[in-house]
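The sequence and structure are shown here.

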Amino acid sequence: MNDWPEGWSGDNRGGGYGHGSAGARPDARAMRQVQRGPAASPRGVPQQPSYNDGYGQGAGGGEPYDSGYNTGQVYGSPGGSGGGHDGYAGGRGERPAPNWRKRIKWTAISVVTVLVATTIGTYFWADSKLNREVDLSKVIDRPDEGEGTNYLIVGSDSRAGLSDEQKKELHTGSAEGKRTDSMMILHTGSNGPTLISLPRDSNVTIPTFVGSESGKTYKSTGRQVKLNAAYAEDGPELLVRTVEANTGLRIDHYVEIGFAGFANIVDAVGGVEIDIPKGGMKDTKSGADFEEGKQTLNGEESLAFVRTRYALARSDLDRTKNQQKFLAALASQTATPSTVLNPFKLYPTMSAGLDTLIVDEDMGLFDLADMFWAMKGVTSGDGKSINMPISGNAANGNLQWDTTKVKKLVEELRNDDAVTVSDS
């Protein structure tokens, strides 16, 4: 009786495998068994040979076939077609080391691309929101251009966009139309910014002008009025014409903001810190009711602060000082990293300001930025703020400018010299 499985014999075991035999034989890989050492064969089954017993030898001999199973290597030797135990199944080899230099390069390119795209998008968005409604080409007989840039900044008492409830809260009243509540000239140049307040009760002569709507020429009759009457008569163009004619200083850009816009900007930046002078401030007409000392004012309170004049000793002259003080503080606070680097605060602030600003047709965002940083410079001590020098009252009761000081001040501004004129 043959102990080998059916179809097997001793000759099969030694003669056919690896020697070109045409006889069928099992796949050696399918019959693998791991040889870990001598062991007794089960009864009736002869001990199986190891794979090092000559299996797979060619006719010429050579090295015996070694699958690696007898060493515990499951997937074959490293580098073989089956892949090594240190590689990936399927023969893909080792994962290449990450190229950190390349990754950093492309990350930097991506970040820069996003920043550039965001900056460009923000520029066009902001530029589209500017209300360029004032045509300075309608202003006639203008003074020669000087060094530096002169901005006429106007705070109007326009109630546009305010509900009846808001008018009540802001103590603005319900007067139709709009008038100038404050006027300032901001000069920027090589000697630091200079901010000059023009009291609205200043006595001025209405010059010959061309109507902004009618296009008709109105000859001067020597009529003397308060400065804010020029704006009420024919708007920004006549105001610019009147300021230029009475000072001899050319105005390069015009910027106007109304009550609602002013309050919205303050609220967008989270309020503005102001130091209320000793004794506090209370004015039923403007709504001001402040204790002395440092405090943060919201939009409604800020508007009351800059409009108060009846509670002040020198009325409009003291009010212009408070307006300078407040606008400089607002510019300084808006330029802080917590606003500039925070898109959730920066965009609402920009939107609140740009939506309500009225500027001249040639005003650009870079001009607006120049004005903004100059206002901040006044606060930081890099600039100077004064009232237009006053010599007393005119015969009609209006505030009369000191013509000698005004002439010298205008000369210094036109030549972009350091301002030496004071308002006292």
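## The open sheet

L152 has I185 of strand 3 opposite it. The model is a predicted one. Strand 2 (residues 149-156) and strand 3 (residues 180-188) run antiparallel and are joined by eight bridges.

Both strands belong to an open sheet of seven strands with mixed pairing, in the order 1-14-9-2-3-4-15. Strand 1 (131-134) and strand 15 (384-387) are at the edges with a single partner strand each, so one side of each has no neighbour in the sheet. From one strand to the next, the twist averages 25 degrees.

## Helices on the sheet

Helix 7 packs on the sheet and touches strand 3, strand 4 (194-197) and strand 15. The direction of helix 7 makes about 160 degrees with that of strand 15.

Helix 9 (residues 343-356) lies across strand 1, strand 9 (253-257) and strand 14 (357-360). Relative to strand 14, helix 9 runs at about 60 degrees.

## Strands 10 and 13

Strand 10 (residues 272-276) pairs with strand 13 (residues 293-297) in the antiparallel sense over five bridges. V272, I274 and I276 make up the covered face of strand 10, while E273 and D275 make up the uncovered one. D275 has K294 in strand 13 as its bridge partner.

## Positive phi angles

Most residues other than glycine have a negative phi. S315 has a positive phi, near 50 degrees, and is in the loop between helix 6 (299-307) and helix 7 (316-334). Its relative accessibility is 28%, so S315 counts as partly exposed.

D416, also not a glycine, has a positive phi of about 60 degrees. D416 is in the segment after helix 11 (403-414) and counts as buried because its relative accessibility is 10%.

Note on methods. Residues are numbered from 1 along each chain as its sequence is written. This is a predicted model: local features need pLDDT of at least 70, side-chain atom pairs count only at pLDDT 80 or more; totals for chains, interfaces and linings use all residues. Side-chain values use heavy atoms; hydrogens and water are left out. Helices (H or I, at least four residues) and strands (E, at least two) are DSSP runs, numbered from the N terminus. Buried means under 20% relative accessible area, exposed over 50%, partly exposed in between (1.4 Å probe, protein chains only). Two strands pair if DSSP finds at least two bridges between them. Axes are lines fitted to C-alpha atoms, for helices over the stretch in contact, and angles run from 0 to 180 degrees between N-to-C directions. Contact means heavy atoms within 4.5 Å.
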